[in-house]
Amino acid sequence: GFQYYVHPIIDVVTPTAGPTEGGTLVRVYGSHLHGGTSGRRRCRFEAGGPPSPASLDASSGALLCFSPPAVAGAGGTHPLQVALNADHFSSDSPAFTYYAPPVLSSLEPRVGSSNGTVVTITGGNLWREGGLCRFGAALVNASRLSGSAITCTAPPAALSGAWARVSLTFSEPWAAALYGFEASLHGHAHV
């Protein structure tokens, strides 16, 4: 039979950006996202781009979908659209931005004391507003040094551990696993 549903309205997309190679878990919040048929819900990140399967998170009411690789590998901002029947996509949607992924070339110093050592990370596409560095379990704010360098200050050893992986993150859960250097941090932890 034919199924009627109210056309979905997207209010918020989070995060609003991800790398051109795709893989960002995106949460889409709005009205009437529960309509349609399970297995037929889709997200589309670029006009004419491939649709991505979406699932409904019943606890939050959000649609969850992973961004596919950007068409032609190019960055840019596009409306994120949803379909509840795999065919008819929403219009007037919030934007999703594809950006070139960070490329790390060096980390200096690679060894230092915790609790104050300023670490300089150089490479390409490093700076994004709200960027963070991870020292073990601790996240600290990144500061822009230049167009190709950022700095982060090592936290106390009690927060990060005496040895930790240092990596760059942009609020996407996959970022820490993909882009990182290792550094040895030495210091004293006082409880």
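Two aromatic pairs are counted here, where rings of Phe, Tyr and Trp (its six-membered ring) pair if their centres lie within 6.5 Å, with planes under 30 degrees apart counted as stacked, over 60 as edge-to-face and the rest as tilted.

The model is predicted: local features need pLDDT of at least 70, side-chain atom pairs count only at pLDDT 80 or more, and totals for chains, interfaces and linings use all residues. Residues are numbered from 1 along each chain as its sequence is written, and side-chain values use heavy atoms, with hydrogens and water left out.

F45 is buried, at a relative accessible area of 1%; buried means under 20%, exposed over 50% and partly exposed in between, with a 1.4 Å probe and protein chains only. F96 is likewise buried, at 0%. The rings of F96 and Y98 have centres 5.3 Å apart and planes at 85°, so this pair is also edge-to-face. Both F96 and Y98 are buried.

For the chain as a whole, buried residues make up 44% of the 191 residues. Two helices and 18 strands are present, taken as DSSP runs numbered from the N terminus (helices H or I, at least four residues; strands E, at least two).
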